[in-house]
Amino acid sequence: MGHSPLVVRDLSVAYQKKPVLFDASFEVPEGKLIGIIGPNGAGKSTLIKAALGLIPKLKGEVLVYGKPYKQQLLKVGYVPQRESVDWDFPTNALDVVMMGRYGRLGWFKRPGAADRMAAMECLDKVGMSPYADRQISQLSGGQQQRVFLARALAQDAQLYFMDEPFVGVDAATEKAIISLLNDLKRQRKNRAGGSS
Ligand SMILES: Nc1ncnc2c1ncn2[C@@H]1O[C@H](COP(=O)(O)OP(=O)(O)OP(=O)(O)O)[C@@H](O)[C@H]1O
C-alpha cells in the first residue's frame with residue numbers, strides 16, 4: 001500500500017563541514033531486517049542519526065513512509081550506541097524501559113499499571129526482569145544494552161533503528177534478541193500483507 005518504511009536518497013552528511021557520508025541511497029521494505037555493515041568510522045551511526053534527524057544533512061532526502069521523519073506521527077524506535085549514553089543518570093532499569101512508553105502516552109498522561117506491565121514484559125523478553133529495580137549504572141555493559149533494547153520494544157514502533165545492538169551481549173542473549181527481531185519482522189509483514 002504505497003510507501004516503503006524508509007527511503008534514503010543521495011544522503012550526504014558533514015561534521016564541521018568535513019563530509020563523512022557521500023550520496024548514500026537505499027530502501028527498506030516493510031517487514032525486513034536490514035543490516036548496515038562497514039569498518040569503524042565508515043559512517044553507519046552517522047547514517048542512522050541523519051535518518052532520524054538527530055544531525056543535519058548536507059544534502060539528500062530521507063523519507064519515512066513517504067514523508068520526512070519529523071512530519072510523521074508514527075513511532076520509530078531507536079537503540080543508540082552504548083557509548084553515547086550517559087550511564088550515570090540515576091534511574092533504574094524499569095524506568096528506562098518506561099521512557100519507551102511516553103511517546104505513546106503524550107505529554108500529559110501519566111503511565112499507569114498497564115504501561116508498567118508492558119515495560120516489565122519487554123524487560124522479560126530480553127531476560128532482564130530480575131534487574132528491574134537495579135540502577136542502570138550498576139548493570140554490566142551487555143545488561144545495559146539489553147535494557148535499551150527493551151526500551152525500544154516498549155515503544156511498539158513501526159520502524160526500528162538499532163546502532164550496534166549486540167555490542168557486549170553474550171551469545172545466548174544475541175540469539176534470543178535475533179529471534180525477537182524475527183518475531184517483530186513477521187508481525188510487520190503480516191500486518192502489511194493484510195492491508196495491501
Ligand atoms: N560528532 C562528530 N564530529 C566530527 N566527526 C565525527 C563525529 N561523529 C563521527 N565523526 C566522524 O565521522 C565518521 C563516521 O563516524 P560514524 O560514527 O558514523 O562511524 P561508524 O561507521 O558508526 O563507526 P563505528 O563502527 O566505529 O561505530 C568518522 O570518521 C568519525 O570520526
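Colleague: Which residues are around the ligand?
Modeller: The shell is Y15, Q16, V20, G38, N40, G41, A42, G43, K44, S45 and T46. A residue counts as near if its C-beta atom, placed from the backbone, lies within 6 Å of the molecule. This is a predicted model, where local features need pLDDT of at least 70, side-chain atom pairs count only at pLDDT 80 or more, and totals for chains, interfaces and linings use all residues. Residues are numbered from 1 along each chain as its sequence is written.

Colleague: How many of the shell residues are nonpolar, polar and charged?
Modeller: The shell has 3 nonpolar, 7 polar and 1 charged residues. Ala, Val, Leu, Ile, Met, Phe, Trp, Tyr, Cys and Pro count as nonpolar; Asp, Glu, Lys and Arg count as charged; the others, Gly among them, count as polar.

Colleague: Which helix gives the most to that shell?
Modeller: Helix α1, residues 44-51, with 3 residues. Helices (H or I, at least four residues) and strands (E, at least two) are DSSP runs, numbered from the N terminus.

Colleague: What's the overall layout? How many helices and strands?
Modeller: There are 5 helices and 6 strands. Along the sequence the pattern reads β-β-α-β-β-β-α-α-α-β-α.

Colleague: How much of the protein is buried?
Modeller: Of its 196 residues, 24% count as buried. Buried takes 20 or more other C-beta atoms within 10 Å of the residue's own; exposed is 12 or fewer; partly exposed is in between, with C-beta atoms placed from the backbone.

Colleague: New topic, the core. Which residues touch the most other members of the largest nonpolar core?
Modeller: A93, V97, L123, V147, L149 and A150, out of 35 residues in that core. A nonpolar core is a set of buried Ala, Val, Leu, Ile, Met, Phe, Trp, Tyr and Cys residues joined through C-beta atoms within 7 Å.

Colleague: Which elements give two or more residues to this core?
Modeller: β1 (6-15), α1, β3 (59-64), β5 (76-79), α2 (93-105), α3, α4 (141-154) and β6 (159-162). The largest share, 7 residues, comes from α4.

Colleague: And where does this core lie relative to the domains?
Modeller: Between them, because domain 1 (1-73) and domain 2 (75-196) both give residues to it. The domain bounds come from an automatic or database domain assignment.

Colleague: Back to α4. How many of its residues are buried?
Modeller: 12 of its 14, so α4 is largely enclosed by the rest of the structure. The buried ones include Q143, Q144, Q145, R146 and R151. V147, F148 and L149 are among them too.

Colleague: What is its span?
Modeller: α4 reaches 20 Å from its first C-alpha to its last, close to the 20 Å expected at 1.5 Å a residue. The expected span is 1.5 Å times one less than the number of residues.

Colleague: What about the span of α3?
Modeller: Its 13 residues, 113-125, should span 18 Å, and the end C-alpha atoms are 18 Å apart, which agrees.

Colleague: Which α3 residues are buried?
Modeller: A119, C122 and L123. They cover an arc of only 100° around the axis, so they sit on the same side of α3. The arc is that of the directions from the helix axis to the C-beta atoms. On the other side, A113, A114 and M117 are exposed.

Colleague: Which residue with a positive phi follows α4?
Modeller: D156, with phi near 50°. D156 is not a glycine. Most residues other than glycine have a negative phi. D156 is in the loop between α4 and β6, and it is partly exposed, with 15 other C-beta atoms within 10 Å.

Colleague: And D10, what's its phi?
Modeller: Near 50°, also a positive value in a residue other than glycine. D10 is in strand β1. D10 is exposed, with 12 other C-beta atoms within 10 Å.

Colleague: Last one. Where is F166?
Modeller: In the loop between β6 and α5 (171-195). F166 is partly exposed, with 15 other C-beta atoms within 10 Å. F166 and Q145 are 21 residues apart in sequence and 7.6 Å apart in space, C-alpha to C-alpha.
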